[in-house]
Amino acid sequence: MKHPLDMIFRPRSVAVIGATSRKGSIGRETLHNILQAEFNGKVFPVNPSAEVIQSIKAYPSVLDIPDMVDMAIIIVRKEFVRDVAIQCGKKGVKGLVVITAGFSEVGKEGKKREQEVLAVCNEYGMRMIGPNCFGVVNTDPEINLNATFGKTYPRRGRIGFVTQSGAMGEAIMNIARDLGIGFSCVASIGNKADISSNDMLEYFKRDPNTDIILLYLENFGNPVKFTKIAREVCRIKPIVAVKSGRTSLGAKAASSHTGALAGLDVGVDALFEQTGVMRVDTVEELFDVANALSKQPVPKGNRVVVVTNAGGPGILATDALINHGMEMPALSESTVKKLKTFIPAEASFSNPMDMVAGAGPKEFKQTLDAVKNDARYDSIIPICVPPVTIDQMKVAETIAEAVSKSKKTVLACFMGTGLSSPSMNYLREHGVPVYIFPEAIAKTLSIIHKYRRRISEPCGKFKTFKVDKEKVQQIIDNARSEGRGSIVGDEAISILSAYGIQAMAYRYAWSAEEAVKVAGEMGYPVVMKINTPPILHKTEVGGVMVDLRTDKEVFDGFTSLKKRISELGEKGKFSVAMQGLITGGVETVMGMTIDPSFGPLIMFGLGGIYVEIMKDVSFRINPLTDVGADAMIHSLKSFPLLNGFRGAPPVNQKVLKETLLRLSQLVKDITCFAEIDINPFIVSPDKKRCAAVDARFILTKK
């Protein structure tokens, strides 16, 4: 055995502990599946109440088996699993698949039972799949293992599949078989008490029979480890994942914009984005992407040509492709010249290439021969809506023949023929993925293109800056000693400055006359904010006045703010904080919030008062690399505003990038921040006019 998990996926002998002859029982169906798949190894049914099960000699316990046992499948009552595991350990079994349920998924007592079984595995050096799982499959002809209780033995293929849900695992295997999608190995990991999706990723990374990895996940056990492994694996083998649990019935309370914007699923999106994992929203999309990856090469770019015999579907395809960020260049002159030699003049010699309704096998063949050699395209989408006058099987045969030697990615669409029609089955069998609707192809190509782009990027480097960590800690200690849970105002600006983040300094005034004097010394225009009492969201209570340009405006502004605070019922001495006004820049927001599973998440987006309305933000799991910081900036829908829109000069993106990296270092160095908001951070073309205007730090509870 080359790998510890080979004892589970490539065993030479299997004991089915809890095997029975009772039809419909899990013990009976599991043993039956192993035999029906013609497992290339020894099989030992174990049942103390039977001498023979399904014509095979049975044994009272695993200890009574005279031969060595590599792997044991445990299907006994939950109360007996620990004792059976001990017997397996004494026997020298190295791999367990515990199908029995009733462990951590049912509560505290079940969790205790699970930990006891895991302790036995650790004591005897056994690896365990489960408990509460569906089983495992290996379609390698040298193994032929179907150690599940399902109704379907999957087709052989080169896809490794990991699922936390046994029911979803069986459903996916059933549908995949109908779609012509095959698997190398399937692992239902259940409660993943021992073997997790991380272990399976490492195993599939080394498995020569696996080229693609599919994941159905419900939660992450060790997201830090997953990040490291997935980042490595994705550059070798593509990973496609469905992660359930996107929504929550209750939203967590958050004191910062960053916390409010960080929904339940933001960390998962950030994790997959940073590692290169292709996240899909539905199981249907999982099949769509798996179908394309398993039968066609990854396209070299996002340029697509559509060849169709119907205008409507061509338009649908075009809309979907463009909306998903794909490109549809016009046909080259040489390609158009070839097409005009055999396509009627009423056809559309553009992209999409509409050959009109009369087009049949011959026209598809000639058109595909022409466009497949056009260097303008990376992918080809043949769309066929078969009229009664056209033999759709002949069209399918023609498409398969025409693109058989093409290095471009080809995804076909046959509308109105049925999912399992002979023509669609023919295309699948000949390596051409086929879809019912063109929108699914557009989404699939978009997902794969993003994957290709991510893995082609350099990994990036972590930057370290010279900072004043001690000063920050002193500010935090002072706040805690005074019983404050947040840091705002001048202290917040001082924290930023200590980490080299450019920030606008404050000056204070306790009277209208003093405010006028300070404004004159600073130079107009100025910004005035409530300083006492300290309020986290000053704008929400009308506590900020912007672009004050005269002594009178400052005097009246101070008076107005003081009156507003008194109306709120606040008492005590009132003061304002004043800053110079930066004009001609773009307001951005930066921050951090803690995800319970993934730890600190760094946020960047369009800032100011619109951040929670527009929600044009990007999240990344900390720490950030230089490449990650760049990706955050470029991922915004509003990036054109930063890059120079309608003749405006581009902002200084180097300052943005460095500020994000300095924020990342601050979050890594100082672990007592629950939330951070830097809003707004004004960024301008001129480096000297880039600065944080306001900031707030929420401290964790001791």
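Does Asp-547 count as buried, partly exposed or exposed, and at what relative accessibility? The model is a predicted one, and in it Asp-547 has a relative accessibility of 32%, so this residue counts as partly exposed, since that class runs between the limits of 20% and 50%. Asp-547 belongs to strand S24, which covers residues 544-548, and its phi is positive at about 60° although the residue is not a glycine.

Glu-38 also has a positive phi, near 60°, and is likewise not a glycine. This residue is placed in the loop between helix H2 (26-36) and strand S2 (42-46). With a relative accessible area of 58%, Glu-38 is exposed, because the limit for that class is over 50%.

As background to these two residues and to the peptide bonds below, most residues other than glycine have a negative phi, and most peptide bonds are trans.

| Peptide bond | Omega |
|---|---|
| Tyr-524 to Pro-525 | about 0° |
| Asn-679 to Pro-680 | near 0° |

Pro-525 is found in the loop that runs between helix H19 (512-522) and strand S23 (526-532), whereas the place of Pro-680 is within strand S29, made up of residues 673-683.

**The seven-stranded sheet**

Seven strands form an open sheet with mixed pairing, and their order across the sheet is S9-S8-S11-S10-S12-S13-S14. Its edges are strand S9 (145-148) and strand S14 (278-280), each of which pairs on one side only. Averaged over the sheet, and with direction ignored, neighbouring strands are turned by 20° against each other.

One pairing inside this order can be followed down to single residues. Strand S12 (residues 212-217) pairs with strand S13 (residues 239-243) in the parallel sense, over five bridges, and Leu-214 has Val-240 in S13 as its bridge partner.

**Confidence**

How does the predictor's confidence run over the chain, and where does pLDDT stay under 50? The average pLDDT of the protein is 90, and 95% of the residues score at least 70. Over residues 249-254, however, pLDDT stays under 50, and for this stretch the model has seven contacts beyond four places in sequence.

Technical notes
Residues numbered from 1 in each chain as written. Predicted model: local features only at pLDDT ≥ 70, side-chain atom pairs only at ≥ 80, totals over all residues. Heavy atoms only, no water. pLDDT = per-residue confidence, 0-100. Contact = heavy atoms within 4.5 Å. Pairing = 2+ DSSP bridges. Helix = DSSP H or I, 4+ residues; strand = E, 2+ residues; numbered from the N terminus. Axes fitted to C-alpha atoms, helices over the stretch in contact; angles between N-to-C directions. Buried < 20%, exposed > 50% of the residue type's maximum accessible area, 1.4 Å probe, protein only.
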